[in-house]
Amino acid sequence: MNTLIDNYQTVKQRLQQAQQTYHKPEVQLLAVSKTKPIEAVNVIAAQGQQCFGENYVQEALEKIALRPDLEWHFIGPIQSNKTKPIAENFAWVHSVDRLKIAQRLNDQRPVELGKLHILLEVNISQEASKAGFSPEEVCSVLPEIMAMKNLECRGLMAIPEIATDFEQQRQPFAKMRELLARCQAAFPEAKLDTLSMGMSGDLEAAIAEGATLVRIGTDIFGARNYHKN
Ligand SMILES: *Cc1c(COP(=O)(O)O)cnc(C)c1O
């Protein structure tokens, strides 16, 4: 358990260091707890961490039932037949990758829960295998998404192609920063204040390019030894 706390504090320090180095305001940390047990979530929550990210609906629902006091973000691929439990149980969804998913989430969000905060996932490295809107599509779908009354579109999310070189890591993040700026300029009435980008291996590069939220799993919770999907 002490390793978990040490890992968490080290990640917090890396965030602070990067914020200082690149003269950025406070970056939000999303602790990605997919595949990890509720006990690990409890340890990190006891350190003051409020926001947790999950990729798999069933697994997430079990944890949310135990810790409804925490803020849960859905960050995984979304099958259209799973939108209802997502709309009913999460505060945020980062992985809205097509209009149909936004429509279903809007229709299925219980009004009494308030608006569901969403981010549009952008396939910024234009990989054939990856989900997400193309950068060109984002600005064209925004008016329709902004009209959905149970959703609040807060910005963009990306998972760029893996790169190990720092300068190479920065390139897609810079494109995301420019894309968000274009959307903000085109839709000044929207509350587009969030850029969700950066994971364990590239959080510094993401912060250098203006990430407002980083999603960190491995460097807090350790390696994941299974991927169910
Ligand atoms: C698993 C996952 C993360 C966390 O990645 P790490 O490299 O373990 O920090 C972040 N974002 C998404 C979308 C993920 O699926």
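Me: How do I read the words buried and exposed? I gather that buried means under 20% relative accessible area, exposed over 50%, and partly exposed in between, with a 1.4 Å probe and protein chains only. Is Leu29 buried or exposed?

Reply: Leu29 counts as buried, because its relative accessibility is 6%. A word on the source: this is a predicted model, where local features need pLDDT of at least 70 and side-chain atom pairs count only at pLDDT 80 or more, while totals for chains, interfaces and linings use all residues. Residues are numbered from 1 along each chain as its sequence is written, and side-chain values use heavy atoms, leaving out hydrogens and water.

Me: Where is Leu29 found, and which residues is Leu29 in contact with, beyond its neighbours within four places in sequence?

Reply: Strands are DSSP runs of E with at least two residues, helices are runs of H or I with at least four, and both are numbered from the N terminus. Leu29 is in strand β1, residues 28-32. Contact means heavy atoms within 4.5 Å; leaving those neighbours aside, the partners of Leu29 include Tyr8, Leu15, Cys51 and Ile220.

Me: How many aromatic pairs does the structure hold?

Reply: Rings of Phe, Tyr and Trp (its six-membered ring) pair if their centres lie within 6.5 Å; planes under 30 degrees apart are stacked, over 60 edge-to-face, and the rest tilted. The structure holds two such pairs. Phe52 and Trp72 form a tilted one, 5.7 Å centre to centre with 35° between the planes. Phe52 lies in strand β2 and Trp72 in strand β3, so this pair ties together parts 20 residues apart in sequence. Phe74 and Phe90 form an edge-to-face pair, at 5.3 Å and 80°.
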